[in-house]
Amino acid sequence: MYEDTSVDWRGRPCTSDKHGGMAAAAFVLGLQAFEMMAIAAVGNNLITYVFTQMHFPLSKSANVVTNFVGTVFFLSLLGGFLSDSYLGSFRTMLIFGFLELSGFSLLTVQAHYPRLRPPACDMGTGQQCMEAKGYEALMLFTALYLVALGSGCLKPNIISHGADQFRRQHPTQFQKLSTFFNCAYFAFCTGELIALTLLVWVQTHYGMDVGFTVSTAAMLLGLISLLAGTSFFRNSPPRGTIFTPIAQVFVAAFVKRKQICPSNSEMLHRSQNGVVKLLHTDNFRFLDKACIKSEEGRVGSEESPWKLCTVTQVEQVKIILSLIPIFACTIIFNTILAQLQTFSVQQGAAMNTSLTNSFQIPPASLQSIPYIILIFLVPLYETAFVPLARRITHTNSGISPLQRIGTGLFVATFSMVSAALVEKKRRNSSIVGSSLSILWIAPQFIIFGISELFTAVGLVEFFYKQSVEGMQSFLTAMTYCSYSFGFYLSSLLVSLVNKITGGLRVVGGLAIMT
């Protein structure tokens, strides 16, 4: 049972006719599209910038990218915590949105002024180029991690703040959540597509400094979209630190570990007014011991909250524990994404990029292929697949979020199968002196894009719907943290293989592990 405590930007109770709904969520979707456009244009072509302009070796460049992206998603936990505990999602987005904007601005300045980078040198010819050191590296990493901090803290709040516009107490509005998550992914795809086509083309033909300037402008437009919706938003007020109640449950359960749980859950401790926001479940029964009153508690003396917790507190912890296996399942999924965003781009650079005598495909734009398809698939999924599946499953979202996640994980497997087969064919072609067309890489991106339609959206929807009041942003952040672990695992795998095999050799212009 959820109590509506939403307020407007002045702290007054919200009214259903003025605040919330899809109209308010549209302003958040604007921020989603523009922010994704800005960071995707930087992140997806970052390996090229670091390799060609900062002169880092390929394996180190790949790790710079994966560590950067991993940090973006890992810091989403910080954004979720600050939002739920102290700032609220709207203030969190404003503060860290401007931090991200400052990071883009710093990247633009460094890319524009040659004296802030190492001397020009062609890394593709095998020359000994001077790697970025000292203030050059400091400026690069300061800019990157300002962007990472801002974007990381922004991402979970974009989703949770948009979803908060639909009242849980209102069945009709709450049923529109699945539609909102599909719209959010559509905005995500739109931003990615523009970044990977128009913005990457700008970076390639006009320079990285112009490309970074466009990213900065896109981020600014996203913040304007957010500010424009200020008077229409439903804001969930922060409820104090979310970690203390969680810690209290574990401490109280440990202190009373020798107690025997009552067979009747009604004997467990409720809140002082007797209201239970979450019903008792039989999962993780050992945590129920935190709700058992001691002898002194039964005779009227008040027990410490570190020794006695409510059923609602315990059920919140149970929800978090039950989400961990789902969280773990998606880590390898995001490792695949990391490989596609780094080595697959360099794989494309070593292939024939010409479609005609006058037109060449920028390798970083390869990643636009799945988003071109998804621009059409997402509306089709919402308008055709969901109504059809709803008739069979009698579920508002067509299939359950867990079924959606499982389908996506299964499909993602074939993306890496395709990548391996194409790489084998590319190497064989290079040995005999021919160059394989870059279009051979398309299938691995298409397959992964389809898997993302299921896994990415299903994961966010599942975690948000499992969240309790006061933890929406943090549990949404856990979905992004899965991306973080996936990218960190990718960096670890690259480093381990390089260490074990003793270095890199070049085949057909592409440094590969041997």
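Start by selecting Asp288: aspartate 288 is buried, with a relative accessible area of 2%. The model is predicted.

**Stop 1: around Asp288**

Arginine 285 has 34% relative accessibility and counts as partly exposed. Together with Arg285 and Asp288, they are linked in a network of salt bridges.

**Stop 2: Glu131 and Lys60**

How many salt bridges does the structure hold? There are eight. One of them joins glutamate 131 to lysine 60, with the closest N and O atoms 2.5 Å apart.

Next, colour the two residues by accessibility. Glutamate 131 is at 18% relative accessibility, so it counts as buried, because the cut-off for buried is under 20%. Lysine 60 is at 37% and counts as partly exposed.

**Stop 3: helix α16**

Select arginine 426 and glutamate 423. Their side chains meet in a salt bridge, 3.1 Å from N to O. Both residues lie in helix α16 (residues 401-431), three residues apart, so about one helical turn separates them. Buried or exposed, arginine 426 and glutamate 423? Arginine 426 is buried, and glutamate 423 is buried too.

**Stop 4: the nonpolar cores**

In soluble globular proteins, nonpolar side chains tend to be buried together. Here the largest nonpolar core has 101 residues. Which of its members touch the most others? Select Tyr49, Phe68, Phe180, Phe181, Tyr185 and Met219.

Keep phenylalanine 181 and show its surroundings. Neighbours within four places in sequence aside, phenylalanine 181 is in contact with Ile159, Ala163, Val457, Val460, Glu461 and Tyr464.

Then move to a second, separate core, which has 35 residues. Ile246, Leu287, Ile319 and Met471 are among them.

**Stop 5: confidence**

Finish by colouring the chain by pLDDT. The chain average is 82, and 89% of the residues score at least 70. Now select residues 504-514, where the pLDDT is below 50. Beyond near neighbours in sequence, this stretch has 35 contacts in the model.

Conventions:
Residues are numbered from 1 along each chain as its sequence is written. This is a predicted model: local features need pLDDT of at least 70, side-chain atom pairs count only at pLDDT 80 or more; totals for chains, interfaces and linings use all residues. Side-chain values use heavy atoms; hydrogens and water are left out. A salt bridge is a side-chain nitrogen of Lys or Arg within 4 Å of a carboxyl oxygen of Asp or Glu. Buried means under 20% relative accessible area, exposed over 50%, partly exposed in between (1.4 Å probe, protein chains only). Helices (H or I, at least four residues) and strands (E, at least two) are DSSP runs, numbered from the N terminus. A nonpolar core is a set of buried Ala, Val, Leu, Ile, Met, Phe, Trp, Tyr and Cys residues joined through side-chain atoms within 4.5 Å. Contact means heavy atoms within 4.5 Å. pLDDT is the predictor's confidence in each residue, from 0 to 100.
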